[in-house]
Amino acid sequence: LNEPSICNSKSISAAISQAIAPNDELVNLDKFECANNFAYAFATIGPVDGNLEYQISVTMVLKFADSKWAVQDRSKVCGTAIYGGETAEHPKDALVPKSIWQNACQTN
């Protein structure tokens, strides 16, 4: 699934743009990574009027299905994190692959 035709900034950005509020826009796709049929994206979202004061950084988890990416509810795909020390371990009930789970599920 890491082939360029599927895991690329254009398709990830399109999915995020469809998922955010109508008054907001995707200002910047800061970073993303794909694993299996999941991806995470660090994105900057802001109002369509361009007001910098209201821009925020968000983490979004996406799943590839039906030929497109769709933003997921992190509470449903990240599993139940178990903390043992400083960081959480990849939970057995997580749908997000272990290789991207920390960034996808343990960031803002």
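This text walks through the structure from its overall layout to single residues. The model is predicted: local features need pLDDT of at least 70, side-chain atom pairs count only at pLDDT 80 or more, and totals for chains, interfaces and linings use all residues. Residues are numbered from 1 along each chain as its sequence is written, and side-chain values use heavy atoms, with hydrogens and water left out.

The protein contains 3 helices and 6 strands, taken as DSSP runs numbered from the N terminus (helices are H or I with at least four residues, strands are E with at least two). Read from the N terminus, the order of elements is α-β-β-β-β-α-β-β-α. The radius of gyration is 14 Å, close to the 13 Å from the globule rule for 108 residues, so the protein is as compact as a globular protein of that length. That radius is taken over C-alpha atoms, and the globule rule is 2.2 Å times the number of residues to the power 0.38. Along the principal axes, the C-alpha atoms fill a box of roughly 45 × 30 × 20 Å.

Of the 108 residues, 36% are buried. Here buried means under 20% relative accessible area, exposed means over 50%, and partly exposed lies in between (1.4 Å probe, protein chains only). The protein exposes about 6500 Å², and carbon and sulfur atoms supply 49% of that area; accessible areas come from the Shrake-Rupley method with a 1.4 Å probe, and for residues only the protein chains shown count as cover. Among contacts with a separation of 6 or more, 41% are between residues 24 or more positions apart, where contact means heavy atoms within 4.5 Å.

An α-helix has 3.6 residues a turn, so residues three or four places apart point the same way. The N-terminal end of α1 is capped by Asn8, with a side-chain oxygen 3.1 Å from the backbone nitrogen of Lys10. A polar contact is a pair of N or O atoms within 3.5 Å; within protein, one must be able to donate a hydrogen and the other to accept it, and residues adjacent in sequence count only if both atoms are side-chain atoms.

The whole structure holds 2 disulfides, a disulfide being a pair of cysteine sulfur atoms within 2.5 Å. One joins Cys7 to Cys34, with an S to S distance of 2.0 Å. This pair links distant parts of the chain, 27 residues apart: Cys7 is in the segment before α1 and Cys34 is in strand β1. The link of Cys7 and Cys34 is right-handed, with 90° about the S-S bond, and both Cys7 and Cys34 are buried.

The other disulfide joins Cys78 to Cys105, with an S to S distance of 2.0 Å. Cys78 lies in the loop between α2 (74-77) and β5 (82-83) and Cys105 in helix α3 (residues 98-105), so the pair ties together parts that are 27 residues apart in sequence. The link of Cys78 and Cys105 is left-handed, with -80° about the S-S bond. Cys78 counts as buried because its relative accessibility is 7%, and Cys105 counts as buried because its value is 11%.

Val96 lies in the loop between β6 (88-89) and α3, and is buried with a relative accessible area of 1%. Leaving aside neighbours within four places in sequence, its contacts include Cys78 and Cys105, as well as Phe38 and Trp101. The C-alpha atoms of Val96 and Cys78 are separated by 5.8 Å, although the residues are 18 apart along the chain.

Strand β2 contains Ala39, which counts as buried at 0% relative accessibility. Not counting residues up to four places away in sequence, Ala39 touches Ile12, Cys34, Trp69 and Ile100, among others.
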